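Please open the structure in the viewer and follow the stops below in order. Each stop states what to select and what is found there.

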Amino acid sequence: MTRLIYFIAFVIGLVIVMNISDYQGQPVSNAKFDFEKKAASNYEKQKEIHELLHPKPVEKEEKKVVVEKVLVELTTPELQNGSDLYKKCITCHGKRGEGKKSQKAPAIGGQYDWYIALQISNMKSGERINKVMNPYIRNLSEQDIKDLANYISKLPHMGK
Ligand code: HEC
């Protein structure tokens, strides 16, 4: 009987020893306990959930409204007339009366109104010869010339 007990104890001992050596043979790995990796993946998931719960509002397209600075306040019908007539002059003298080198047109914005009126009158009468401008001033009345001169004199000084 005692022999049998010894034998069983021996077998149990043998099994235990074998198991222990078996475990020792296993490569050690901390993969299961890589908390950083786990935390990162959790973070990604949480981010995804957050994005699903709080969808980003569709970005509104920013419309650029270019507010053009009013060069001359058209407060009177005469100024309005001057502004309308000046549209024909813009190709050469520029919107602000800054002139244009390619057209050999001088800056006239902000010039004295009496000087502008005199030059236009002289060009019209032929006293001052300006062939290129002739078609644009031929049909201007005295009032038109006055209105134009008044408007141009109010443009930014020499186009600046
Ligand atoms: C085709 C181009 C052209 C157009 C359009 C034009 N100009 Fe001119 N303008 C010129 C040129 C070039 C001169 C300079 C000519 C010269 O040597 O006298 C000039 C000169 C002038 C001058 C004299 C400037 C100075 O300092 O003596 C005045 C004023 C003027 N233009 C007003 C006007 C007005 C007002 C209009 C519109 C009705 C107009 N121009 C349209 C080309 C143009």
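Select Tyr115 together with the ligand: in this predicted model, an N or O atom in the Tyr115 side chain lies 2.8 Å from an oxygen atom of the ligand. Then select His93, whose side chain places an N or O atom 2.8 Å from a nitrogen atom of the ligand.

Next, centre the view on the iron atom of the ligand. Which protein atoms are its donors? They are NE2 of His93 and SD of Met133, at 1.9 to 2.0 Å from the iron. His93 belongs to helix H4, whereas Met133 sits in the loop between H5 and helix H6 (134–137); the two are 40 residues apart, and the pair thus links distant parts of the chain. Around the iron there are 6 donor atoms, and the arrangement is octahedral because the angles they subtend run from 84 to 179°. For six octahedral donors, the ideal angles are 90 or 180 degrees.

Now display the whole shell of 21 residues around the ligand; those that come nearest are Cys89, Cys92, His93, Arg128 and Met133. Colour the shell by class to see 14 nonpolar, 4 polar and 3 charged residues. Highlight helices H4 (90–93), H5 (113–125) and H7 (142–153), each of which supplies at least two shell residues. H5 contributes the most, with 5 residues.

Finally, hide the ligand and view the space that it takes, which is the largest pocket.

How values were computed. Residues are numbered from 1 along each chain as its sequence is written. This is a predicted model: local features need pLDDT of at least 70, side-chain atom pairs count only at pLDDT 80 or more; totals for chains, interfaces and linings use all residues. Side-chain values use heavy atoms; hydrogens and water are left out. A residue is near a molecule or strand if one of its heavy atoms lies within 4 Å of it. A polar contact is a pair of N or O atoms within 3.5 Å; within protein, one must be able to donate a hydrogen and the other to accept it, and residues adjacent in sequence count only if both atoms are side-chain atoms. On a 1 Å grid over the protein atoms alone, a cavity is a set of points where a 1.4 Å probe fits but cannot get out, and a pocket is an open set with protein on both sides within 12 Å along at least five of seven lines; lining residues have an atom within 4 Å of a point. A molecule sits in a cavity or pocket if more than half of its atoms lie within 2 Å of its grid points. Helices (H or I, at least four residues) and strands (E, at least two) are DSSP runs, numbered from the N terminus. Ala, Val, Leu, Ile, Met, Phe, Trp, Tyr, Cys and Pro count as nonpolar, Asp, Glu, Lys and Arg as charged, and the others, Gly among them, as polar. Donors are N, O and S atoms within 2.8 Å of the metal (3.2 Å for Na, K and Ca); water is not among the atoms, so sites may look incomplete. Four donors count as tetrahedral if all angles lie between 85 and 135 degrees; four count as square planar and six as octahedral if opposite donors are over 155 degrees apart and all others between 65 and 115; anything else is irregular.
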